Each structure stands twice: as structure tokens, then as C-alpha cells.
Amino acid sequence: MSDYQFDVALIGSGPYACFTALLLAEQNMSVGLIIPENSLPIDSFLSSLSACWPTLNDPPTRADVAHGHDVALYLNDFCSKGVHFFQEKLLPLLGDGENWLASKCLRIGLKDFEKEELVTAQKLGFSLQKTAQDGVYLENEKALLCKDKKLLQKNIISALNKFKVTVIPSKAIQLKETQNKCIIELNNKKTIESEVVVLGNGLEIAKLIAKFEKYLIPMSDCLYEYEAETDKKIPIEPISFRASNGHICGTFIQNEDKVTLRISGPRFLLPGAGAGINLTETKIPDKTFINIEKFQQEIVFPIFAKELSFTSVNDFQNTFKFNLTTKKILADCYPCDELPLLGEYGKLGRVLGNTGWLATGFPAGAWAAKITTDLILNEKSPDLHPRLRPRRLQTAFIKKHND
């Protein structure tokens, strides 16, 4: 006899897992959510840019070249739909609507080839508008920035409790799929039986399903947070941007009498360019952090200074007198063909999952949660493109990779 029995058990504590749990529980399904020990739901979001982006992190031209125009447009729209779904469906469900601000979202080419990519992306019909600044484009859709991420976490936990989602702090160490159920073994020696399992932690998927081990690559990045006091009577426009082919992202937001500047990247200054290794388990030399901070001061700060109409970066820094409050190494997971995986991960239709959106977890997680809910309730979803289904890894791609 198992220790827990659910209609659906989810492994993960990020946006996708939490949103899927809530959407299923709203439909009166019994839901269990397995989260890492000594953590809370959505902890990963607290170590992020706290933004809901309108498009993918990487330039849309990459997907266009690698996977074709149809798939590239689909991926471009995926996050946009996720922003709307998050705003219109999930925020009311969470009671967190007042905690988010709409922000213009910029795409910035710092080098000539990056500017050319943006020119091409606009010509191909992606959602970009040229601005008066050289190499700067505006996303058609606005980003959403979280004012108080601790409040968001509190509201998500409250919603999980309200809809009677059972939160289990543990680690899944084995997953078995049979014709009529799934069995999860936990490291605390307890077991879970469920009709369906949903995998929402990309770094753990390969440990539970061996066939994914070769294809899910850790991708590490860094997050720096700067804070400064300001006069709350003088409103400051929120800003978000991506630059250097998505290797650098930033958000700037005012909340009461404090402004917060968050910068992700550049990951190309991390060991191994941040690719193929989980750097959260690695000792990073102090020199690396110093070089990243120097890059941000010299390259990223001027972007914010210009957008906020300061005459110089010195004026910008002197006005806010930022203090560096946080610097972290983060790790996400990416399929080695750079196309996200969403849908059936097992062999018998009882194991579903989602991963590979890299730095766009919130909007992608929201829309993927909607699609996963469709798959569980209706066995299909009109919003799932067949190219995202994990079964593609069992076709020619695996053979080519093994050869």
C-alpha cells in the first residue's frame, strides 16, 4: 500500500509545476506536488529576474534557422500567449494582480551581427518594432514585472492550500509507469501512486528517465541584484530588456521607496560559457564575479541610464547609489537540439512533462501548464505543436546523436 494516492503527482516547484497543480486541482482532481526538501514552492522564482517575458530569451532567428519558420513563429507566440494566460487566468486565481507592473521590453543588439539578426527578425514577421536608437527594438507585447516576489510566493502557497494541493517536501528517486498507474519512490522511503505524473524539474528529469540523460544539458547563468532608495513620489518607469543574443537580461522596477535593478548574465564570462555543467555545484573563482560585475557596470548600466533619460551613466549611478545585494549562480536545463520538450515523456501516456524554455520560465510555464492540463483532461491540446513532443527524441535525432 502506498503512502500517498493522487489523480496527478507533480515533481517540481517552479512556475510550471505550481500552475499545473492549481489548474488541475481547480478541476477537483486530487493533486500532490513534490518539491525539494528545505524549500518552498516557487523558490526558484525568487532567484530569477522576477519577470514574465513576452517572447523567448534567444533571438527568434535562431529557431527560424534551426527548426523552420512555422516552429519559430509558434515559439514566438508561445510566451506571448503565456503572458496573457498568466494575467487573465492565473493572477486572479492567485489573487496577486496588484503585485505586477507592465513594462516595455527591449531587444538590443550590442554588436553588428546582433543588430543584423534583429533586422532579419522584424522582416520575418516577429513581434518587434524599430526604435530611434541604433540596434534597439521594442517588443510588441509588454513584459510583466513582479513588485514583491515574496508576496507572490505567499499567494501561490495560499492558493495551493485553498485548492487542497498536497505539498510533499522530498526527492523523487525512482519513477515507474505501468498500464494503470504510476509509482514514485521518495528518498524518505515513502511511495506515491497516481494516475498521471507530471515532470516539472528539468534538472531531475534525466535522473528519473534515463533516455533523456544525453539530451538535457545544464545551462548555468548568474543573477545580480542591485537596490537603492528613491523618492516614491517620483514614479520611475519599469524597464526590461534582452541584449547580446539573450546572454544578458535586465529589469528595473520601483516599489514604494526602493528601486531594484536585476541583471542576468553575461553567462559567456562563466566557466565553460555556462553550458553543459551545473555551476551551482562548482566553486567559482572570485575573479569571475569581479569580471561580471565590471561588465555590467560598463555595458549594462549605460543601457538603463539611456532608457531612463539620464545624461550619463555616472549621473544614473550617482542618483541611485546602488548597493549590490545578491549575486547567485543559477542552473536551468536545455535540450541539446535547443527546442523545448512538452507533452508525453513516458511510453504509456501517464508521464507528461515540460522543460527547455531557458530564462522564460514564467510565461512559458503558464502556457505549458494550460496545455498539460488539456492533455490530462482531454488527451489532446489544440495549442501543442507536434514538434515539441518529446517523442521526437526517439526518432532520427537520437540515432544521429549516438552515431
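Tyr224 is buried in this predicted model, at 0% relative accessibility. Tyr226 is likewise buried, with a relative accessible area of 2%.

**Aromatic pairs**

- A pair of aromatic rings is described by the distance of the centres and the angle of the planes.
- Trp100 and Phe362 form a tilted pair, with 5.6 Å from centre to centre and 35° between the planes.
- This pair links distant parts of the chain, 262 residues apart: Trp100 belongs to strand E4 (residues 100-108) and Phe362 to helix H10 (residues 361-378).
- Trp100 is buried at a relative accessible area of 8%, and Phe362 is buried at 3%.
- Tyr224 and Tyr226 form a stacked pair, with 6.5 Å between the centres and 25° between the planes.

**A charge over a ring**

- Lys130 lies over the face of Tyr137, at 5.4 Å from the ring centre.

**Backbone features**

- Most residues other than glycine have a negative phi, and most peptide bonds are trans.
- The peptide bond from Gly265 to Pro266 is cis, with omega near 10°.
- Pro266 lies in the loop between strand E15 (258-264) and helix H8 (286-307), and Ala273 is also placed in the loop between E15 and H8.
- Ala273 has a positive phi, near 60°, and is partly exposed at a relative accessible area of 37%.
- Lys189 has a positive phi, near 75°, and is found in the loop between strand E10 (182-186) and strand E11 (191-199).
- Lys189 is exposed, with a relative accessible area of 79%.

How values were computed: Residues are numbered from 1 along each chain as its sequence is written. This is a predicted model: local features need pLDDT of at least 70, side-chain atom pairs count only at pLDDT 80 or more; totals for chains, interfaces and linings use all residues. Side-chain values use heavy atoms; hydrogens and water are left out. Helices (H or I, at least four residues) and strands (E, at least two) are DSSP runs, numbered from the N terminus. Buried means under 20% relative accessible area, exposed over 50%, partly exposed in between (1.4 Å probe, protein chains only). Rings of Phe, Tyr and Trp (its six-membered ring) pair if their centres lie within 6.5 Å; planes under 30 degrees apart count as stacked, over 60 as edge-to-face and the rest as tilted. A charge sits over a ring if NZ of Lys or CZ of Arg is within 6 Å of the ring centre and within 35 degrees of the ring normal.
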